[in-house]
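Please open the model in the viewer and keep the selection tool at hand.

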Amino acid sequence: MADDHIRYDILAQEALRGVMRKVLAEVSRTGLPGNHHFFITFLTGAPGVRISSRLRERYPEQMTIVIQFQYWDLKVSDTGFEVGLSFSDIPEKLEIPFSAVRGFYDPSVNFELEFDVRTEPSEAALQEPQEPAAQPPAEVKPATKKKPAEAKKEAAAAEPAAGKGAEVVSLDAFRKK
């Protein structure tokens, strides 16, 4: 196989992160249109992620946030975004670089992006020799038709109750098995 000196995998990842960046920037200016809302999964230990120590203790590896009803101060830059969310009625400010995001999902239209996130290798990983792994590009998951009852059940499960804080959920609940 020929060497990829252009690094199409990295270019594709960055282009798809640009989709997420553009969507969040538009939402920060105009608000969420229609029934759109987002599940964003990110690595809590990735460089540049700023969350409270309370959240980091509770979610040491990754967490998923929901941008839907109760968020505030969404600010988007070229490198990441900031958002205010409430967790168990405690307001929190999160700063998340786009490079830390593993998944972006809009269940209202069944649109999903998955990203490879490179993290700093642990000391154990540095001691063990490893073969380089090929990095697949980010994937765009095609929308699948769901039965109306199934879609309503998922939507009801995704919507937090009024007056409660944000809920962290796993995207696995929305994936086809």
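Select R54 and E92, whose side chains form a salt bridge with the closest N and O atoms 2.8 Å apart. A salt bridge here is a side-chain nitrogen of Lys or Arg within 4 Å of a carboxyl oxygen of Asp or Glu. R54 belongs to helix 2 (residues 53–58) and E92 to strand 5 (residues 90–97), so the pair ties together parts that are 38 residues apart in sequence. Helices (H or I, at least four residues) and strands (E, at least two) are DSSP runs, numbered from the N terminus. The model is predicted: local features need pLDDT of at least 70 and side-chain atom pairs count only at pLDDT 80 or more, while totals for chains, interfaces and linings use all residues. Residues are numbered from 1 along each chain as its sequence is written, and side-chain values use heavy atoms, with hydrogens and water left out.

Are the two partners buried or exposed? R54 is partly exposed at 32% relative accessibility, whereas E92 is buried at 11%. Buried means under 20% relative accessible area, exposed over 50%, and partly exposed in between (1.4 Å probe, protein chains only).

Next, select K93 and E82, which meet in a salt bridge of 3.3 Å, N to O. This pair links distant parts of the chain, with K93 in strand 5 and E82 in strand 4 (residues 80–87), 11 residues apart. E82 is partly exposed, at 23% relative accessible area.

D9 is buried, its relative accessible area being 14%, and R7 is partly exposed at 34%. How many salt bridges does a search of the whole structure find? The search finds seven.

In soluble globular proteins, nonpolar side chains tend to be buried together.

Finally, centre on F81. Beyond its neighbours within four places in sequence, F81 is in contact (heavy atoms within 4.5 Å) with residues including L24, I40, I65, L94 and V101.
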